[in-house]
Amino acid sequence: MKNAFLLTVLGFTLIVSLVSFHLAWESYSEEREAELRIKEISGEIRPREFVFLKENDILEISKGYDSPSGFFGTTKINVPVVNQYPELPVGCEIAAATAYMNYIGVDVDKMEFREYISDSYKFTYKDGVRKGPDPYRVFVGNPEKNGFGCYDMVIVRAMNKYFEENGYTYTAMKVEDATQTDLEGMLDAGVPIVVWASLDMRPFEYPDSNKWVLETTGEEFCWPKNSHALVLCGYDDKDYYFSDSNDKDEIVKYKKSDFLDRWEEFGSQGVIILLS
C-alpha cells in the first residue's frame, strides 16, 4: 500500500514536471520567435542571399561589370551623377541608388524609384519617451520634404522589388564586414558601391532632436546629423572618388581617412548589385 502511494506521488510529480516543462518550452519558443521576428525587421538578421559576406569571391561578384579605367595609380568607374535636388532634398539614398542603376543600364528616374521606398514620419510620445520608425525598415521622414533617411536594407529591398517588377535579373545585396581592402578590391573589379557617410565627409553630430526609441525593438537610437549616401566609384593613393548627389556636377573626391572614419562610424553600410 505504501509503495503504491509512493508510486502515485512520483507519477503525479513526473506529470506536473512534464507539463511545466512543456509550458515553459512553449513560452520560450514563442518569445524566441518574437525576438527573431523583431531582429529580422530591424536588420540584425537579413536574408543571406541579399548579404555580401567575406566568403564571396570578388571576381565572382564582378561578373558582367566593365573593367574600370586606370591611369597613374587611379582606379575610376564612370558612374553618372544624379542630383537629389530639388525634388528629393533629403533623399540622397534614393539618388545614389538611381545613379548606380543608371550606370548598369537600368533606365529609371529618381522619382520613379522613389515610389519603391516606403516612408514613415510617425512619432509617438508617452511618459516623456519618443518612439519612432526603424530606418532598417522604412525611410524615416518624407524624402520629398524633410526627415532623416534610411539604412542599407531599405535600399536593397526597394532595388530588388524594382528589378523583379521590371524584368531585370539583377540582385541588390548588402555589403557586410567589408574592409578597406574589400572596398578597393571591388572597385578594381569594376563594381561601384552605394555607401553611407556624411556631407562632404564632415564629422557627425548627435543632437537630442535626432534621438528616439525604435518602435520595433525598443532600442535607443540617434540618427547622425550630416549623414549622406553616395556612390563610391574610384580611388587613388590618397582619395576616394564618389558620385555625390549633393548638388555636385561631376565626380568628386574626399580624403580616404575622412571617408573611412565616417563610413565606419555609420556602421560600414553599403549596397552592391549582382548582374549575374
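These legends accompany several close-up views of a predicted model.

Residues are numbered from 1 along each chain as its sequence is written. Local features are taken at pLDDT of at least 70 and side-chain atom pairs at pLDDT 80 or more, while totals for chains, interfaces and linings use all residues, and side-chain values rest on heavy atoms, with hydrogens and water left out.

**View 1. The whole protein, to get our bearings.** The secondary structure comes to seven helices and 16 strands; helices (H or I, at least four residues) and strands (E, at least two) are DSSP runs numbered from the N terminus. Of the 276 residues, 47% are buried, where buried means under 20% relative accessible area, exposed over 50%, and partly exposed in between (1.4 Å probe, protein chains only). The protein exposes about 14,500 Å², and carbon and sulfur atoms supply 52% of that area; accessible areas come from the Shrake-Rupley method with a 1.4 Å probe, and for residues only the protein chains shown count as cover. Among contacts with a separation of 6 or more, 66% join residues 24 or more positions apart; contact means heavy atoms within 4.5 Å.

**View 2. Helix 3 meets helix 5.** Here the axes of helix 3 (residues 92-103) and helix 5 (residues 152-165) come within 11 Å and cross at roughly 45°. That angle makes helix 3 oblique to helix 5. Axes are lines fitted to C-alpha atoms, for helices over the stretch in contact, and angles run from 0 to 180 degrees between N-to-C directions. Angles under 35 degrees count as roughly parallel, over 145 as roughly antiparallel, 65 to 115 as roughly perpendicular and the rest as oblique. Helix 3 passes helix 5 in a right-handed crossing; a crossing is right-handed if the near helix is turned clockwise from the far one by less than a right angle, and left-handed if anticlockwise. Look for E93, A97 and M101 on helix 3, and for I155, M159 and F163 on helix 5, which make the contact. These residues divide into five nonpolar, no polar and one charged. For these classes, Ala, Val, Leu, Ile, Met, Phe, Trp, Tyr, Cys and Pro count as nonpolar, Asp, Glu, Lys and Arg as charged, and the others, Gly among them, as polar.

View 3. V106 is found in the loop between helix 3 and helix 4 (110-114). With 1% relative accessibility, V106 counts as buried. Leaving aside residues up to four places away in sequence, V106 touches M101, Y162, F163, Y168 and Y170. Two of these names, M101 and F163, also belong to the contact of helix 3 with helix 5. V106 and Y168 are 62 residues apart in sequence, and their C-alpha atoms are 8.5 Å apart in space.

**View 4. Helix 6 meets helix 7.** The axes of helix 6 (residues 180-188) and helix 7 (residues 256-265) come within 12 Å and cross at roughly 115°. The two helices are therefore roughly perpendicular to each other. Helix 6 passes helix 7 in a right-handed crossing. From helix 6, Q180, L183 and E184 meet K256, F259, L260 and W263 of helix 7. By class, this contact has four nonpolar, one polar and two charged residues.

View 5. K76 lies in strand 3 (residues 74-76) and, at 24% relative accessibility, counts as partly exposed. Residues up to four places away in sequence aside, K76 touches P68, S69, C233, G234 and I251. S62 sits in the loop between helix 2 (58-61) and strand 2 (69-71); at 11% relative accessibility, S62 counts as buried.

View 6. The peptide bond from Y85 to P86 is cis, with omega near 0°, and P86 is found in the loop between strand 3 and helix 3. N226 has a phi near 80°, a positive value in a residue other than glycine. Its place is in the loop between strand 12 (220-222) and strand 13 (227-235), where N226 is buried, with a relative accessible area of 14%. S268 also has a positive phi, near 55°, and is likewise not glycine. S268 lies in the loop between helix 7 and strand 16 (270-274).
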